[in-house]
Amino acid sequence: MERGKMAELESLETAAEHERILREIESTDTACIGPTLRSVYDGEEHGRFMEKLEARIRNHDREIEKMCNFHYQGFVDSITELLKVRGEAQKLKNQVTDTNRKLQNEGKDLIVAMEELKQCRLQQRNISATVDKLTLCLPVLEMYSKLREQMKSKRHYPALKTLEHLEHTYLPQVSHYRFCKIMVDNIPKLREEIKEVSMSDLKDFLESIRKHSDKIGETAMKQAQQQRNLDNIVSQHPRISGGKKSKKEACASSELEVPGAQDLVDFSPVYRCLHIYSVLGARETFENYYRKQRRKQARLVLQPPSNMHETLDGYRKYFNQIVGFFVVEDHILHTTQGLVNRAYIDELWEMALSKTIAALRTHSSYCSDPSLVLDLKNLIVLFADTLQGYGFPVNQLFDMLLEIQDQYSETLLKKWSGVFRNILDSDNYSPIPVTNEEVYKKIVGQFPFQDAELEKQPFPKKFPFSEFVPKVYNQIKEFIYACLKFSEDLHLSSTEVDDMIRKSTNLLLTRTLSNCLQNVIKRKNVGLTELVQIIINTTHLEKSCKFLEEFITNITNVLPETVHTTKLYGTTTFKDARHAAEEEIYTNLNQKIDQFLQLADYDWMAMEPGSKASDYLVDLIGFLRSTFAVFTHLPGKVAQTACMSACKHLSTSLMQLLLEAEVRQLTLGALQQFNLDVEECEQFARSGPVPGFQGDTLQLAFIDLRQLLDLFIQWDWSTYLADYGQPTCKYLRVNPTTALVLLEKMKDTSRKNNVFAQFRKNERDKQKLIDTVAKQLRSLINSHHS
């Protein structure tokens, strides 16, 4: 029974499902009925479903039939109406066909116009697209045209900037065009072209500054000279109101008058080239190239011409080129960022400094003109000041100038040697005569001389010295001025200047002037008058040395008492010259005496003496008197020494004349004549030819002759032999050897001139006496030697 209920329930469910499917089929679109039918075939009751479906179809057919029967009359009526409409429809069709035909005929023109409008619209779109594309391309083409124009006008840096904009901004927007690809491919070539052209401009610039270095240096040195002059003016007038303002105005005016390096050379090529290489990423290459080329130019500039030392212009051009080179480098240093740096400049300057100093040492050594050396010094100072103004250290140049100062001093000494020689050669060696007060004051103004007695004397009168005294004195002052000129602008202290001047002046006095005076004194043809005047002149020059000291002190403002101050050696120089002149006077006098003695012509065999002194001796004494009369202005000691020296030399020469070997024999008569000559000499000594001798001091020069002659003429051998060796001996100055020589001459005479003397008793006694005296004299000589 339960099974029956179960079957009944399943049947009900199946029936309900089939009903649902049927409703779904009725209500569902035909296209979507597939899933519904599939659910029927998925089940097992499709047979029953088919039965139900057929029952449902029959049901719907019956309903359709009922409906058709119900509406049939209406259908008939509709057909009747439809047939009526058919005729009307045919009329309407004909009308529509006719209207269509007419419309087609009328629409042909419209179609043509529409086609034209279509084409116009297409062209309009194309034009618009073209305009848009051209709007993108035109800036590219304009930039490219601008680039070409810039390169043509050699505006390479703007061209490079244009190229950058073209490459990175404009070309990417139109990169699909063929002409853009050509441009892109051409950009590296353009860059390289700009690089090469800018390098060419740089080379032209380097050549330009090489040519203009001379002018640039000349301009810079002119500016430095103007600045120095201005500083000197300001330093000389420090208290003038508005001085600072006037200095600024003067600086401004000097800048207007003298152009700078940037006014003489166009630096834009180097700036452009630097920017271009920087943009191209090759700045380091550019810097290395620039520095290398400038180093080469520096070496060329620093090579002096072989004849530079011949003229000042040679040195000036050399300095101008060096200054021009470093002015340009300094300008590059301050107007570019890192193209050159301070280390590079310092390296170049060190090289330049060493080469310049070496060149100046070499070339200045050839210079023998002190004026040229002084001008060179001034030029070197200006050169140093100019470069110092640009920040370059120049201490080594000033150190080298101290070396050149020694050379300058040497050239001055050579020049003044010629000056002194001319003065000494042209001097008349006579006291300067003055006829009026004006001339007197002029000479006193030239040479510091004061003499109260001379001032009181009426005109005309004479200075004791000759013209070379004031001339030499003034030339010494000129030499000091010349030394002072070299010390200017060397930044030396007053003490250093004073020391330099004093050392140079000492060389002038002790070497140059001393040699000139010695040469004059030692000249062959110098006379006693000249020698006497030289002694007088050097005496006055010696006294003037203190005034030279004062002169130097006034110039340098360094007191002589200052520690380490060099003293002038003028006193020693003039003393040495005077002593040399004195010795030359003594020598000259002796030579003159010898010349007179060569005229002596004694008859050594004369039996009787003459009535007077020999003529040659009288002339000799006359010469000595006139000579010593000239010695009035000599220092007393000099005149006395000269007189005593002359008398001694005369006495010695007469003794030698008497004892010389050539005089083998002499008689008593000859000896008496010789005695007359000696008496003449003694008379001259007693007459006091030179004042200042006490008593018979001058006569003592002839004491040896006097005692010898007295011994022989008086034949006082007993006294001589008896008193020999005693201080109170009458013949103390007679040497036994000398007496023996003279006695032998007389003994030979007695023998040869008296053939028959042995037959005369007196002669025989005299001969024995001579032999006895000779024997005793030999005994004295032997005992003296033993």
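Start by selecting helix 17 and helix 20, which pass each other in a right-handed crossing (the near helix is turned clockwise from the far one by less than a right angle). This is a predicted model, in which local features need pLDDT of at least 70, side-chain atom pairs count only at pLDDT 80 or more, and totals for chains, interfaces and linings use all residues. Residues are numbered from 1 along each chain as its sequence is written, and side-chain values use heavy atoms, leaving out hydrogens and water.

Next, show the contact (heavy atoms within 4.5 Å). On helix 17, select residues including L509, L513 and I521; on helix 20, their counterparts include F574, A577 and E584.

Stay in helix 17 and select R502 and D498. They form a salt bridge, with the closest N and O atoms 2.8 Å apart (a side-chain nitrogen of Lys or Arg within 4 Å of a carboxyl oxygen of Asp or Glu). The two residues are four apart, about one turn of the helix. R502 is buried, at 0% relative accessible area (buried means under 20%, exposed over 50%, partly exposed in between, with a 1.4 Å probe and protein chains only). D498 is buried too, at 2%.

Now go to R523 and D425, a salt bridge at 3.1 Å. R523 counts as partly exposed, at 28% relative accessibility.

Finally, select R228 and D385, which meet in a salt bridge of 3.2 Å, N to O. R228 lies in helix 5 and D385 in helix 12, so the pair ties together parts 157 residues apart in sequence.
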